[in-house]
Amino acid sequence: WILPQSPSPDLPFAGLSAEELPQDVFSGPVEIRLKKVEGSGDFYVWQASQSGSLEVKMNSRDGITDTDRVTPLIGSHEHVNWGFSAPGVYTVTFEVAGQRTGESTNITSDLTPLTFHVLPLPETPFMVWQRDQFGAEALEATKGPGSDPDGDGLINLAEYAFGMDPNSAGRTGAPVFQRRADGESS
């Protein structure tokens, strides 16, 4: 479940911004720090470059540390991907820190929680069939559309299309093509 860094007309677009901060208030960069994640899975923030490399900025899966932060340039914004490992309701808590010009210590904001409602992907009829045939925990190697777990030479997608049992080898129910005596196919 990803909110992508590239704007899509069908999805919310959530970047990170320091555009509204005046240039002369802080003596250096500000940091947006990840402080806490509550929810049904893990939370990630990363950027993808045009060359395909990824720079992970925040990752709750390995524990929340001082490295889970973004440092946008004052007066600018950043496009980032926001990712969630499972559907559910997440409360992701941040704080912002920076050093004011002429001061020697950082100031920090109050902890700021944001709530995300991550909805499950809609099930297709094929996904329902996969779950019914193989169970909810089946591996993709077994339930995948191109897999043939019963070894009968028909992939799952064909067995689904023809109403066959993918767990029992056999071709009963599969279409049969024959050449008639007149040379036509039937």
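What follows is a set of questions and answers on the structure shown above.

Author: This is a predicted model, in which local features need pLDDT of at least 70 and side-chain atom pairs count only at pLDDT 80 or more, whereas totals for chains, interfaces and linings use all residues. Residues are numbered from 1 along each chain as its sequence is written, and side-chain values use heavy atoms, with hydrogens and water left out.

Reader: Which pattern does the protein chain follow when read along the sequence?

Author: Helices (H or I, at least four residues) and strands (E, at least two) are DSSP runs, numbered from the N terminus. By that account the protein chain has 3 helices and 11 strands. Read along the sequence, they give the pattern β-β-β-β-β-β-β-β-β-β-β-α-α-α.

Reader: What is the radius of gyration of the protein chain, and why is the chain called more spread out than a compact globule?

Author: The radius of gyration is taken over C-alpha atoms, and the globule rule is 2.2 Å times the number of residues to the power 0.38. For 186 residues that rule gives 16 Å, and the value for the protein chain is well over this, so the chain is more spread out than a compact globule. The C-alpha trace spans about 95 × 35 × 25 Å along its principal axes, and the radius of gyration is 26 Å.

Reader: How many of the contacts in the protein chain with a separation of 6 or more come from residues 24 or more positions apart?

Author: Contact means heavy atoms within 4.5 Å. Among the contacts with a separation of 6 or more, the share that comes from residues 24 or more positions apart is 58%.

Reader: What part of the 186 residues is buried?

Author: Buried means under 20% relative accessible area, exposed over 50%, and partly exposed in between, with a 1.4 Å probe and protein chains only. Under this definition the buried residues of the protein chain make up 30%.

Reader: How are the rings of Trp-82 and Phe-94 arranged?

Author: Rings of Phe, Tyr and Trp (its six-membered ring) pair if their centres lie within 6.5 Å; planes under 30 degrees apart count as stacked, over 60 as edge-to-face and the rest as tilted. A search of the whole structure finds 12 aromatic pairs. In the pair of Trp-82 and Phe-94 the centres are 6.1 Å apart and the planes stand at 80°, so the arrangement is edge-to-face.

Reader: Where do Phe-126 and Trp-129 lie?

Author: Phe-126 and Trp-129 form a stacked aromatic pair, with 5.6 Å from centre to centre and 20° between the planes. Phe-126 is buried at a relative accessible area of 13%, and Trp-129 counts as buried at 12%. The two residues are 3 residues apart, or about one helical turn, in helix 1 (residues 125-134).

Reader: Is Gly-83 buried or exposed?

Author: Gly-83 has its place in strand 8. Leaving out residues up to four places away in sequence, Gly-83 touches Trp-1, Ile-2, Asp-42, Phe-43, Tyr-44 and Trp-46. With a relative accessible area of 2%, Gly-83 is buried.

Reader: Is Asp-62 buried or exposed?

Author: Asp-62 is found in the loop between strand 5 (54-59) and strand 6 (69-70). The C-alpha atoms of Asp-62 and Asp-42 are separated by 9.1 Å, although the two are 20 residues apart along the chain. At 57% relative accessibility, Asp-62 counts as exposed.

Reader: Which residues is Ser-168 in contact with, leaving aside its neighbours within four places in sequence?

Author: Ser-168 lies in the segment after helix 3 and is partly exposed, with a relative accessible area of 39%. From Ser-168 to Pro-29 the distance is 63 Å, C-alpha to C-alpha, and the two are 139 residues apart in sequence. With the neighbours within four places set aside, the contacts of Ser-168 are Asp-150 and Asp-152.
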